[in-house]
Amino acid sequence: MNSIIPPAAIGFIGLGNMGYPMAARLAAAGYQVTVTDLDANTLKQFCEETDATAAESLSALGASSDLVITMLPEGKAVRHVLLGDGGDNVVSGLKPGTYLVDMSSCSPVDTRALSAELAEKGFTAIDAPVSGGKYKAADGALAIMAGGDKEAVEACSPVFEVMGKLFHTGGPASGHAMKAMNNFLSAGTMALTSEAVITGAKFGLDPKVMVDIINASTGRSNTSEDKFPKFVLPETFNSGFYLGLMAKDLRFAVDLAESEGTPNAFINLLSATYDKAEQDLGFESDNTELYKYLESLTASE
Ligand code: NAD
């Protein structure tokens, strides 16, 4: 299989917190990038700031691409743009051999079904979700976990390397399974560190001193080392990852544990907690605002 190297044509769908900086890096690396997004203002801004072209339609984007990347909120949107509901869609225009790479975080159970459906139609799908957030996306420092045919992942590796560090996780949907488990852990340290700091602070400890000590001790994690100093303690709550997206990822973790029949006590509890926080604070509150939600549960004197 031929490697996808510049100036190959990449179609990029979804220019949100993550897709915008990821697609910008691909354009800067010399790929011919064609983009689309439901938000017309974002689309216009992106095309003004980069050499990218706005797609006339999904089918035109598919037809002109060697590789199509989706970076959308979740799997329903991915299925909709790829296959459509009888309307405009990516696959109707695809040339044989075009790779379909979904970098969104989706349900591994649904991805297994979608990959099989696309394979039946003769298309090679790769699920390649990322970890790292919008700042690492801008720096090309994401962790990329790619599931799918080994040769196809290798052929796409020059594209992945522009955005971060590639890990091949195995067959179709394994990238999405890996991502669901990573975000279970990430959400877990957010919830645990928040409860620890809220409880200590109520007792009279200084939250900043607590975080410094946690970071020199065995309780440390990415949450305590990165998210607390940058987004929670200064109360900026601007990590760029919606709490509603994390709640969605936890629902995928619940589904995965259920489909595999594995222990799920903590996954279920965490998912229920994030669902309540989303109801309380709204989908577009920041993931780090889980701290505020948990703090609001403190008993009044
Ligand atoms: P976002 O909500 O900021 O961006 C999603 C973009 O997709 C928006 O610009 C929206 O207009 C567009 N969109 C939605 N439906 C569309 C459609 N049918 N056609 C065209 N465009 C459409 O989300 P994000 O934070 O960029 O996250 C994208 C994915 O990456 C999610 O699955 C998320 O869970 C995952 N993720 C996010 C982060 C993060 O830190 N933000 C980190 C890792 C993974």
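K248 is buried in this predicted model, with a relative accessible area of 8%, a value that falls under the 20% limit for a buried residue. The place of K248 is in helix 11, and K248 is among the residues closest to the ligand. The points below take up K248 and then the ligand with its surroundings.

**K248 and its contacts**
- Once its neighbours within four places in sequence are left aside, K248 is in contact with P73, E74 and S105.
- Helix 11, which spans residues 243–260, gives the most to the shell around the ligand, contributing three residues.

**The shell around the ligand**
- The ligand is surrounded by 23 residues, of which M18, D37, P73, G240 and K248 are the closest.
- Sorted by class, this shell around the ligand holds 12 nonpolar residues, seven polar residues and four charged residues.
- Both domain 1 (9–171) and domain 2 (178–296) supply residues to the shell, with at least three drawn from each.

**Backbone atoms beside ligand oxygen atoms**
- For M18, a backbone N or O atom lies 2.9 Å from an oxygen atom of the ligand.
- For P73, which is also in contact with K248, a backbone N or O atom lies 2.9 Å from an oxygen atom of the ligand.
- For S105, likewise in contact with K248, a polar backbone atom is 2.9 Å from an oxygen atom of the ligand.
- The ligand exposes 830 Å² when taken alone, and the protein buries 88% of that area.

Technical notes:
Residues numbered from 1 in each chain as written. Predicted model: local features only at pLDDT ≥ 70, side-chain atom pairs only at ≥ 80, totals over all residues. Heavy atoms only, no water. Near = heavy atom within 4 Å. Polar contact = N/O pair within 3.5 Å; in protein donor to acceptor, adjacent residues only side chain to side chain. Areas by Shrake-Rupley, 256 points an atom, 1.4 Å probe, with all protein chains shown as cover. Helix = DSSP H or I, 4+ residues; strand = E, 2+ residues; numbered from the N terminus. Nonpolar A, V, L, I, M, F, W, Y, C, P; charged D, E, K, R; others polar. Domains from an automatic or database assignment. Buried < 20%, exposed > 50% of the residue type's maximum accessible area, 1.4 Å probe, protein only. Contact = heavy atoms within 4.5 Å.
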